[in-house]
Amino acid sequence: MTTLLDGYREHIVAAHKQPLFLLLVGFITSFVCIRFSVRMIRAEVRWWFGNVTPGGLHIHHMVFGLGFLLVGGVGVFATYGGHPWIDWFGLVFGIGCGLVLDEFALILHLDDVYWSEQGRKSVDAVIFGILFTALLLVGYVPLGVVPSQETRWGLITVISVNALASVITLIKGKMWTGLLGIMVPGLSWIGAIRLARPSSPWARWRYATRPRRRARALRRERLLHRRADRARTWLFDLIAGAPDKVPANHPAAHRVAERMSARATAHLDAHAARALARRQARLADRRSAAAAGAGAANSPAPGGPYGAGGPGAGPSLGAQQRRRAIRAGRNRTYAVRPTGVEHRPGRHPHLRPHTRRIHR
């Protein structure tokens with residue numbers, strides 16, 4: 001115990017890192033406590049207090065986290081960062097960070113996705129925030145720069161190469177390797193050299209014309225990355241709880257059902273439109289054949305009423321053109337009248353309705 005206290009005084013207090021240490025303590029403590037609370041509420045434990053719902057309004061804990069952030073941030077500026085106020089305000093600020101980042105997915109999606117697959121982004125944000133703060137606490141700073149070192153061209157080159165490698169790693173879809181590579185030089189270099197993940201922007205840009213490399217990336221994704229993803233999912237389920245399946249009354253389920261219904265309706269409407277077009281084409285063929293027969297009866301032409309080809313010559317040229325147009329347009333999408341509106345058949349252009357106008 002004495003050794004721990006001596007190490008704390010030497011590495012934390014003497015190094016002026018106590019505010020950052022208390023911020024990390026408040027960060028981890030608030031995240032653990034709020035996750036324990038929401039899991040008790042999810043399990044409907046009787047002896048545990050439920051959600052804060054004054055007047056039926058559900059107040060999320062990120063609202064309280066914003067209050068802690070404001071108190072901690074404003075308090076540091078109000079006290080000019082003096083001791084011991086900066087230590088206490090650092091603890092308050094860490095508590096606010098844990099409460100707000102635990103609902104990072106809700107802020108990102110503007111929807112209550114806390115227990116869904118999208119809610120895993122909150123756990124990613126919290127873990128990254130804790131790792132970032134811990135690396136700063138143990139002595140690392142971004143890109144591996146130590147303030148006491150003198151500026152050298154070699155150091156600037158290492159920083160630039162490391163930054164470029166971190167960006168390439170992030171583009172290749174390796175988020176954790178790229179983010180941790182910012183703090184640990186060399187880690188992002190490995191991620192930048194290795195193959196990209198198949199769903200990453202790098203794979204879409206570079207592997208489209210390289211089928212062998214894309215096949216290798218898919219094989220590596222299937223053998224290696226999926227196992228790592230399963231391990232990460234198991235760890236996140238252990239820390240934050242497994243996500244729920246989307247219930248039937250969830251807004252996301254309603255949106256999915258509406259999209260599927262719209263697609264099915266469009267598919268059925270296209271079939272109905274094509275059938276209607278075929279019926280109208282057949283009706284037009286019959287009318288044109290009847291008109292041609294009537295004209296041939298009044299003024300017979302050589303070859304009879306069927307034209308120059310005789311009775312076995314088949315339908316007229318106009319009917320053949322209409323049928324070809326119908327066959328060519330079977331894969332097209334036709335506009336259909338709204339459901340419930342009665343369809344009135346088209347009137348022949350040479351016929352007039354026998355309705356008398358009423359004069360008042």
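The model is predicted, so local features here need pLDDT of at least 70 and side-chain atom pairs count only at pLDDT 80 or more, while totals for chains, interfaces and linings use all residues. Residues are numbered from 1 along each chain as its sequence is written, and side-chain values use heavy atoms, with hydrogens and water left out.

Colour the whole chain by confidence next. The mean pLDDT is 77, and 71% of the residues reach 70 or more. Residues 303-313 form a stretch with pLDDT below 50, and beyond near neighbours in sequence this stretch has five contacts in the model.

Select D102, in the loop between α4 (85-101) and α5 (104-109). Helices here are DSSP runs of H or I, at least four residues long, and strands are runs of E, at least two, numbered from the N terminus. Is D102 buried or exposed? D102 counts as buried, because its relative accessibility is 0%; buried means under 20% relative accessible area, exposed over 50%, and partly exposed in between, with a 1.4 Å probe and protein chains only.

Now show H61. The side chains of D102 and H61 are joined by a polar contact of 2.9 Å. A polar contact is a pair of N or O atoms within 3.5 Å; within protein, one must be able to donate a hydrogen and the other to accept it, and residues adjacent in sequence count only if both atoms are side-chain atoms. Leaving out residues up to four places away in sequence, D102 touches F31, I34, R35, H61, Y114, S122 and V126.

**The nonpolar cores**

Together with I12, L24, F27, C97, I130 and L137, they make up the largest nonpolar core, eight residues in all. At least two residues of this core come from α2 (18-42), and at least two from α6 (120-137). A nonpolar core is a set of buried Ala, Val, Leu, Ile, Met, Phe, Trp, Tyr and Cys residues joined through side-chain atoms within 4.5 Å.

Not counting residues up to four places away in sequence, I130 touches L24, F27 and I28. Another core lies apart from the largest one; this core has five residues, among them L195, A196, A203 and A217.

**Cysteines**

Stay with C97, which is buried at a relative accessible area of 15%. C33 is partly exposed, with 46%. How many disulfides does the structure hold? The structure holds zero disulfides, a disulfide being a pair of cysteine sulfur atoms within 2.5 Å.

**Backbone in the loops**

Select H16, in the loop between α1 (2-13) and α2. H16 is not a glycine, yet has a positive phi of about 60°. With 67% relative accessibility, H16 counts as exposed.

E44, in the loop between α2 and α3, also makes a stop on the tour. E44 has a positive phi of about 55° and is not a glycine; E44 is exposed, with a relative accessible area of 69%.

Move on to P84, in the loop between α3 (61-78) and α4. The peptide bond that joins H83 and P84 is cis, with omega about 0°.

**Aromatic pairs**

Show the aromatic rings. The whole structure has seven aromatic pairs. Rings of Phe, Tyr and Trp (its six-membered ring) pair if their centres lie within 6.5 Å; planes under 30 degrees apart count as stacked, over 60 as edge-to-face and the rest as tilted.

Select F36 and W48. Their ring centres are 5.4 Å apart and their planes stand at 90°, so the pair is edge-to-face. F36 is in helix α2 and W48 in the loop between α2 and α3, 12 residues apart. Both residues are partly exposed, F36 with 43% relative accessible area and W48 with 21%.

Finish at F128 and F132, an aromatic pair that is tilted, with 6.1 Å centre to centre and 35° between the planes. F128 and F132 are separated by about one helical turn because they are four residues apart in helix α6. F128 counts as partly exposed at 27% relative accessibility, and F132 counts as partly exposed at 31%.

Conventions:
Contact = heavy atoms within 4.5 Å. pLDDT = per-residue confidence, 0-100.
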